[in-house]
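User: I am new to this structure and would like to learn how to read it. Could you walk me through it step by step?

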Amino acid sequence: MKTLIIAEHENGAIKSATLSAVTAAAALGAPVDLLVTGNDVAAAAQAASQVAGVSAVLTAEDAALAHPLADLIAPVAKQLAGDYTHILVGASTFGKDLAPRLAALCGVNQISDIIEVIDADTFKRPIYAGNAIATVKSSDATKVITVRGTAFAAAASEGGSAAVSAANATVGTAKVRFVRADVTESDRPELDSADIVVSGGRGVGSKEDFAKVFELADKLSAAVGASRAAVDSGFVPNDMQVGQTGKMVAPKLYIAVGISGAIQHIAGMKESGVIVAINKDEEAPIFNIADYGLVGDLHDILPELVSKI
Amino acid sequence: MKAIVAVKRVIDYNVKVRVKADNSDVDLANTKMSINPFCEIAVEEAVRLKEAGTVSEIVVVSVGPKAVQEQMRYAMALGADRGIQVETAAAPSSLDVARLLAKINEEENADLFILGKQAIDSDNNQTGQMLAALLDIPQATFASEVKIADGKAEVTREVDGGLVTLEMDLPAVVTTDLRLNEPRFAALPKIMQAKRKPLAVKTVEELGVTLSNSTELLSVEPPAERQAGIKVGSVDELLDKLRNDAQVL
Amino acid sequence: MNIYNAPAQDTAFVLDQLVQFDKLCEAMHLEEVNLELANVIVEEAGKLASEVLAPLNAVGDSNGAKLSDDKVQESPGYSDAYQQYMENGWATLTAPEAFGGQALPNVVGTAVNELWHSANMAFALCPMLTQGSIEALIAHGSDELQQAYLPRLVSGEWTGTMNLTEPAAGSDLAAVATKAVPNGDHYLITGQKIYITWGDHQMTPNIVHLVLARLPDAPAGVKGISLFIVPKFLLDENGEPGELNDAKCIALEHKLGIHASPTCTMSFGDNGGAVGYIVGEENKGLAYMFTMMNHARQSVGLQGLSISERAYQQAAWYAKDRTQGSRKDGTKIPIIEHPDVRRMLMAQRAGCEAMRGLALIAAAEIDRAHAGAAGASERVELLTPIVKGWMTEMANELTSLNIQVHGGMGFIEESGAPQHYRDARILAIYEGTNGIQALDLIGRKTLSDQGAALAALLDEMAGVEAELRAAGLDKFANRYAASVARGAEVREWILENAGADRQTMGAVAFDFLMLMGYLSGAWVMAKSAASAKALDAQESAYGAPFLSAKVATARFYAEHYLPRVEQHAQTLMTGLDAAFVLTDEQF
């Protein structure tokens, strides 16, 4: 038994989705290798080698790999697949894009979004937007799996000392070309890896009033999220949406501000450690899952919180 | 240009699922079923491309028992031109669906495949990528904008942290994200016309595909319920609880 | 909260089990139409109703239509909603294919119209009146008029109105005084019409008024009235709206409800005469109106169901959401658990389900009558005043119950409950007051054929007792059989006592109408319960929860509403002569 994890990295650092996959892989009890692909991967490979619990780091370096295109990475991983019983990727958009393509190349099914490892063949994963948890068993020789980051703590990014070597794989030519990235620039932590998330809903009232949510988040060094209602109302961009059709988050502290608590929002944050709800409607469903509820006008409460933290 | 759109019949978006008492699966008896919302967006996108003159024919494909024809007719009411149902007892695995689609394409030779990014029942998010792999063609998942010109597709994708735009040769697979478009209502005359559009039924045997699900469903449980906590009376009390009881600040 | 969801499953059950829709389509030789298609149509209409029309209902209530510079400006958002309604082809539902319609059965049109009226009755009145104009033109218009106006009325590009009432001619249309003077190939119309629903608006490029008017040499009374088409804009040589006709809205009524439906005073011929074209033959206008009456009156009865359903959905939502009182463990009790609230919700639910069954059965009888089925025309004639009268009386009661379920909030406009109550109040009045309906039922529909059509209906009702017993619903069957028997006694009594005495006939007419309403509702619910019991809950697409709820709702109907048959029977058989003891001066 041996596990390969395809790493997601940025600016020479390994992303938290990958670190969570390392933790999931540890539960399998077999050696864990990391595959790092890219144009210039030296820094990322170095970072990967230091991740606790990693046995070896394989690199695939090619100008064509400058952007993380599943069309190119999947065939590279396919060439290595024969050596592994499990291939894991974090269930980020990177992993979700890549893993099924790789599985199909290997002629196997893929297991998405696992939240628990029962044994080497058996996993738990949410279905129906988290309203049911399935236990599934795979008989595939190579199991291609995506790992839900919020279900596994990130492995320590230091403490390991894995050897780095070039993977024995060739890189093909893509029929896909990268045109541009419109990345949301932010100094705040990323939603899916932040310890604290402050989310605003339609109750915040307007795009301008959302500044109060950002202010609280900055005071707490928190990431900022939003409900679908707030996104649809145009208060904040799409990629801030927490929920069934947005991001799944599970921070240590989740503060829901002016969010009523639609099922689809709750599906995206109910694994959080501590949930705080601030809402003027004392009957709002969000209070049914909140550890601490505060009924009142968020326009008064938020400034008070900011001043007292 | 021919487009193939795959659609799945799933539990209606508004229905809350219940797990069966014996934990064997979720209980779908007498449950309202609808077209998977992401598949509906896929149909809408194909129809818009047809209205723009880019796509000339839309073939809707669904895999499953006879009941899936209901969703195929719906897709045709939105504007798909004809349908191919692959008759199976239940919904096969994503890989098998991808294989069936690839097989169908041997006859159809489509230039564009538009699929929902995931079905809201199994939440797998796999079929489109698998189809692209089997056909060895480019994929653009989680699309929020699709432009087709000069035999190429330019697709903007919703990824973690923002948007990425890719350009690719056709044929290609596009999977739809929520904000790609807002599907129209089906118009009455189109609902009537949909009944007359051709719908071919094929069996798995005819297509020469052997279904091979290697993933066994052992059990299904309801998720752990989160209990309601307490209401606090003031900001001071809240901060006190977070600092001293929960120790998260 | 004032959301609305189309009751698609109940509609499907009624079409399937009570109307036997597939058989109806066979009888009508509609090969491509079946229950499955009808269900898809109802589902899809439901989306437009709940997502587009329903949210505008309260908007239109607080921002009613306004008149300025001789133009009526409809409520905000209504024009866009109308475009969506039209573009999605909903106006074409039942019209003949020759004019661009989908030629679907009237019962499907009725099932869909229920949704429009539930979502937004003030809005839906506009297409409803257009349907009336279409019917009149199809039945009586010349080829030329049909070609010029029907395609665009059917598509919904233009809307239609009905101009009957005048200040001195309300229920008595014999008094119509609007003049029509021949002038070449057309007539010049002069006069004033009141209570003209959607008489003007800016949603479409033209409006087609159907106007009752009198020729100079016409006989006095009902036999001297002709029907004319008066377009808002005259058609140019290409058939497009051109010059503005001499017809305009000069005032809007300030009404208790349906604020978004402009109720116009229309003035024709202020500048010499509005150009009108005669529909059919001279002096037959009122007879033509009668050919459309059944459909129009059933449509108003249907509105009674629609608004009751909307109010019921609101009450059910509120009763589940609102808490009053606490349990021992400190959790709060939603008011739906309070028995009296429960009673009110069940009264609303049972009333709506009975009305839906009756409305669709009556609508399907119109289809059967068109297909030439034996006895169908007589059944339509008999059921129409019951549908119109009883269902609109029920709407007053059930929208009032919604307010009661809301408690104090129900009296506050912001809750939305008052709007439904106010909107419902017109239904018992327009399209023939319920007093007129009652006279129609007892006179033209009962006494004039010596109770033959009524006897046929009562016989059919009696037959359902055996179905109830076969389904094991014996208590229900006992109550039901006794009420049907009472209905038969009342029939005898009326033939003996009311035929000879017009005062008695008029005095007991309303009780007879209500008695027949409650009895017809029981008939529908008995059939429903027996069907629900007969279906295999495991196999049936309706599912066990729906079927058991149907049986329980029917039982509630039998216990709550059926005794009212006895009450009305007792009142009726007194002859109510005490009503005529006082002199007029004593009032």
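User: Into which domains is chain A divided?

Analyst: Before we start, please keep in mind that this is a predicted model. Chain A is divided into domain 1, residues 3–166, and domain 2, residues 191–308. The centres of domain 1 and domain 2 of chain A, taken over C-alpha atoms, are separated by 31 Å.

User: How many residues of domain 1 of chain A are in contact with domain 2 of chain A?

Analyst: Contacts here are counted between residues whose C-beta atoms lie within 7 Å. In chain A, 6 residues of domain 1 are in contact with 9 residues of domain 2. Sorted by class, the domain 1 side of that contact has 1 nonpolar, 4 polar and 1 charged residues.

User: Let us turn to the chains. How many residues of chain B are in contact with chain A?

Analyst: The size of an interface is often given as the accessible area lost when the parts come together. Here we count residues instead: 62 residues of chain B are in contact with 69 residues of chain A. Several elements of chain B give two or more residues to this side, among them helix 3 (94–108), helix 4 (127–135), strand 7 (139–149), strand 8 (152–159) and helix 7 (235–245). Strand 9 of chain B gives the most, with 8 residues. By class, the side of chain B that touches chain A has 31 nonpolar, 17 polar and 14 charged residues.

User: Which strands of chain A and chain B pair, and in which sense, parallel or antiparallel?

Analyst: The general idea is that strands of a sheet pair through backbone hydrogen bonds, either parallel or antiparallel. In this model, strand 10 of chain A, residues 132–138, pairs with strand 12 of chain B in the antiparallel sense over 6 bridges. To find the pairing in the view, look for A:Thr135, whose bridge partner is B:Ser219. Another place to look is A:Ala134, which stands opposite B:Val220.

User: What is the order of the strands in the open sheet of 4 strands?

Analyst: The order is 8(A)-9(A)-10(A)-12(B), with antiparallel pairing. Strand 8 (116–117) of chain A and strand 12 of chain B stand at the edges and have a single partner strand each, so one side of each is left without a neighbour in the sheet.

User: How many helices and strands are there in chain B?

Analyst: Chain B has 7 helices and 13 strands. Along the principal axes, the C-alpha trace of chain B spans about 65 × 45 × 40 Å. Of the 249 residues in chain B, 51% are buried. Sequence separation is another thing to read: among chain B contacts between residues at least 6 apart in sequence, 70% join residues at least 24 apart.

User: Finally, how many helices and strands does chain C have, and why is chain C described as compact?

Analyst: Chain C has 17 helices and 14 strands. The radius of gyration of chain C is 24 Å, close to the 25 Å that the globule rule gives for 587 residues, so chain C is as compact as a globular protein of that length. The C-alpha atoms of chain C fill a box of roughly 75 × 60 × 60 Å along the principal axes, and 54% of the residues in chain C are buried. Among chain C contacts between residues at least 6 apart in sequence, 76% join residues at least 24 apart.

How values were computed: Residues are numbered from 1 along each chain as its sequence is written. Chains are lettered from A and ligands numbered from 1 in the order in which they are written. This is a predicted model: local features need pLDDT of at least 70, side-chain atom pairs count only at pLDDT 80 or more; totals for chains, interfaces and linings use all residues. Two residues are in contact if their C-beta atoms, placed from the backbone, lie within 7 Å. Ala, Val, Leu, Ile, Met, Phe, Trp, Tyr, Cys and Pro count as nonpolar, Asp, Glu, Lys and Arg as charged, and the others, Gly among them, as polar. Two strands pair if DSSP finds at least two bridges between them. Domain bounds come from an automatic or database domain assignment. The radius of gyration is taken over C-alpha atoms; the globule rule is 2.2 Å times the number of residues to the power 0.38. A residue is buried if 20 or more other C-beta atoms lie within 10 Å of its own, exposed if 12 or fewer, and partly exposed in between; C-beta atoms are placed from the backbone.
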